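Hi,

Here's the structure I promised to pass on. Have a look at it first, then read my notes below.

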Amino acid sequence: MGLKLWTHCNVASMQAGADQPYGLMADAALVVEGERIAWVGPRSDLPAELLSRCGEQHDAQGALITPGLIDCHTHLVHGGDRAQEFEQRLNGATYEDIARAGGGIQSTVRATRSATPARLQAQAEPRLKPLLSEGVTTLEIKSGYGLALESERKMLQVARALGQEYAVDIRTTFLGAHALPTEFAGRADDYVDEVLSMLQVLHGEGLVDAVDGFCERIAFSPAQIARVFAAAQSLGLPVKLHAEQLSDSGGAQLAAQHGALSCDHLEWLSEDGACAMAAANSVAVLLPGAFYFLRETKVPPVELLRRHGVPIAISTDCNPGTSPCSSLLLMLNMACTLFRLTPEEALAGVTRHAAQALGLRDRGVLATGLRADFVLWDVQRPAQLAYGLGANPCMQTIFKGTPR
């Protein structure tokens, strides 16, 4: 098989510990063999033997090349939307008012349960396509709006189908412990029993890559989430957690005790929680879209995460209720402007650290032997990716070594 060569480019490898910010290499070359990177570095160092085997050569026209972007926390598959509730809140209705009238997450559950798989996929595609146009090559999709076996299965099957139809790697996460369905009102422990039963079945059907939960006073207690995590680990599945979004419930410590890949949201994270995450090497996934949409004022403790060396990832949290967002590039800007991340931290948050948040070691940086997922951008400097509002300078995306 002939090799493919890209030249006339600057490469931001995003490798940790690189000599230059972003792992930036000027006048670089990148060689692909099959689905893997065969070589990357300064063009002047390209071995003549490799060059002689490059049967397909591409002029990148001065583009910046980064790893393919990774959106590591989304609820992209769901029925309906909640635009009417957005309008009601702006007109003075409280979340409690809306929920009492049958709105909130339960309205999304009803819409998701009633939708056919074809309808769910048709609704998900307009959310997926903008992400792909921005260079996203790996995407996580959670269940959690079915809250019953048939509907949770349907969501996960649609997520898998999207990965088969489009040139993107989709990782599926079972989020049965997302909210208490109305038919289990007042019986949260009974519903956790149901979650454990669903997990067993869905894992057996090959639909689950990881398990998530929502540990919060309006969702599930640490003890209930601990039961879910124990069941996941008995099946060999990694865990993640929606933690410390509305209060400090000790969710980060609980997740860390179970070796969680990530803890997500984290506005109310304590120092004890940050220490536990650091010891477990769990990633902090920050979700600026939800922070913005809910008009929160409690900013995640970024300096605390830095001080303890906790890796920081960024994601869209694409969902109907709190972050109806399908632009990962916009999240880069929001992470910088709202949370005061540096542009380099933000870009690492959608490449290297986002891959870690999904337990993926074969992508997120550009290095020999890793997946050939990368993006050509019409920018001069990496910081421009976090700078533009509404801009999309993506020129071309390469997915597993092939232009998309």
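Two strands count as paired if DSSP finds at least two bridges between them. Helices (H or I, at least four residues) and strands (E, at least two) are DSSP runs, numbered from the N terminus. If you want a spot to look at, find Leu 5, which stands opposite Val 31 in β2.

Before you go on, a word on the source: this is a predicted model, so local features need pLDDT of at least 70 and side-chain atom pairs count only at pLDDT 80 or more, while totals for chains, interfaces and linings use all residues. Residues are numbered from 1 along each chain as its sequence is written, and side-chain values use heavy atoms, with hydrogens and water left out.

There's also an open sheet of 8 strands, ordered β5-β6-β7-β8-β9-β10-β11-β12, with parallel pairing. Its edges are β5 (69-71) and β12 (312-314); each has a single partner strand, so one side of each is left without a neighbour in the sheet. From one strand to the next, the twist averages 25°. (Axes are lines fitted to C-alpha atoms, for helices over the stretch in contact, and angles run from 0 to 180 degrees between N-to-C directions.)

**Around β11**

Which way do the side chains of strand β11 (residues 283-286) point? Val 283 and Val 285 go one way, Ala 284 and Leu 286 go the other, and all are buried. Buried means under 20% relative accessible area, exposed over 50%, and partly exposed in between (1.4 Å probe, protein chains only). Strand β10 (residues 262-265) pairs with β11 in the parallel sense over 3 bridges, and Cys 263 stands opposite Ala 284. To get from β10 to β11, the chain goes through helix α10 (residues 271-280), and this β-α-β crossover is right-handed. That term means that, with the strands pointing away from you, the path from the first strand over the helix to the second runs clockwise. On to β12: it pairs with β11 in the parallel sense, again over 3 bridges, and Leu 286 has Ile 314 as its bridge partner there.

Helix α7 (residues 188-204) has 17 residues and reaches 24 Å from its first C-alpha to its last, close to the 24 Å expected at 1.5 Å a residue. (The expected span is 1.5 Å times one less than the number of residues.) Its buried residues are Tyr 191, Val 192, Val 195, Met 198, Leu 199 and Leu 202. Seen down the axis of α7, they fall within an arc of 115°, so they line one face of the helix. The arc is that of the directions from the helix axis to the C-beta atoms. Their cover includes α6 (149-165), β7 (169-177), β8 (210-215) and α8 (222-234).

Helix α6 lies across β6 (136-142) and β7, running at about 170° to β7. Ser 151 is in α6 and is buried, with a relative accessible area of 7%. Leaving aside residues up to four places away in sequence, Ser 151 touches Arg 113 and Gly 146, where contact means heavy atoms within 4.5 Å.

Enjoy exploring!
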